[in-house]
Amino acid sequence: MVRPYALKGRKRKKREENYDKEDTEQIGEEETVDTTRKEETVYIPAEEKEAENLPELAGIPIQPCDQKSQSGAIFILEKASLEVAKVGKNYQLLNSDDHANFLKRNNKNPADYRPDIAHQAILAILDSPLNKAGRLRALYVKTEKGVLFEVKPHVRIPRTYKRFSGIILQLLQKLSITAVGKREKLLRVIKNPVTQYLPVSSLKIGFSFSSEKLVDIGDYIAAVSDDVNFVFVVGTMAHGKIDKDYVDEYLSSYTVVAAARPSVSAVVKYMEGESPANQ
């Protein structure tokens, strides 16, 4: 007898056709699922869309303000004791506590090396509600050696002196400090004189005990026109006074102490329209 090969061949063809039908059915189902997925739309609330479009700046939250209706303030910290020297094998920022013996060996007065004064003054300015309201236009620091550098208003300065000294050391050696993951320079050494960076319509005020003009700083600020930008020049040295030709007026105020941090805090509060006596 002859084996029925033909019958087996037909059965195989039917099975293959069945498999093909099943595969086509599965593919058709997947295509319908994909089309339904494509047709699905994700609903995004209008508030979230607006929030995505708003630029956010990492650091101190700065509120929008009307610069036309509110006068701004620029601070210049003069004669900051920020000097770098090689002590042993490493370069360090000199201060009276850690380097008293080194300074004496080099015929220098340790009492003149107080970088903590500039540190506290910078913190008082950047932490103020005036800065958070966006009314701090700029902050410049000039060292005793004549090095001028700019501090961006939204930068976060370290609160501990040890970390602050490390940043200033890096700044004076590399001339700039950039933000992490960005190209923006948060601190940078700039060319003198500082007057080239000041606006034309600005009133430059310095504070001094020896000034003959005794005023109430709150009344003085209130009497000035709103379109004038104030430039406050504050000395951050341990002893002495500031004497700069670009200053328009030196004031001696019974409401403002001529020391760096108290004078900065008082001026900031008066610019906010608040009296320090109410604190």
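Analyst: What follows is a description of strand β10 and the parts around it. This is a predicted model, in which local features need pLDDT of at least 70 and side-chain atom pairs count only at pLDDT 80 or more, while totals for chains, interfaces and linings use all residues. Residues are numbered from 1 along each chain as its sequence is written, and side-chain values use heavy atoms, with hydrogens and water left out.

Helices (H or I, at least four residues) and strands (E, at least two) are DSSP runs, numbered from the N terminus. Strand β10 covers residues 229-235, and because seven of its seven residues are buried, this strand is largely enclosed by the rest of the structure; buried means under 20% relative accessible area, exposed over 50%, and partly exposed in between (1.4 Å probe, protein chains only). In a regular strand the side chains alternate between the two faces of the sheet. Here Asn 229, Val 231, Val 233 and Gly 235 point one way, whereas Phe 230, Phe 232 and Val 234 point the other way.

Two strands pair if DSSP finds at least two bridges between them. Strand β1 (residues 73-80) runs parallel to β10 and is joined to it by six bridges, with Phe 75 standing opposite Phe 232. Strand β8 (residues 202-207) also pairs with β10 in the parallel sense, over five bridges, and there Lys 204 has Val 231 as its bridge partner.

A nonpolar core is a set of buried Ala, Val, Leu, Ile, Met, Phe, Trp, Tyr and Cys residues joined through side-chain atoms within 4.5 Å. The largest has 44 residues, and Phe 75 and Phe 232 are among those that touch the most other members. Apart from this core lies another, of 14 residues, among them Val 231.
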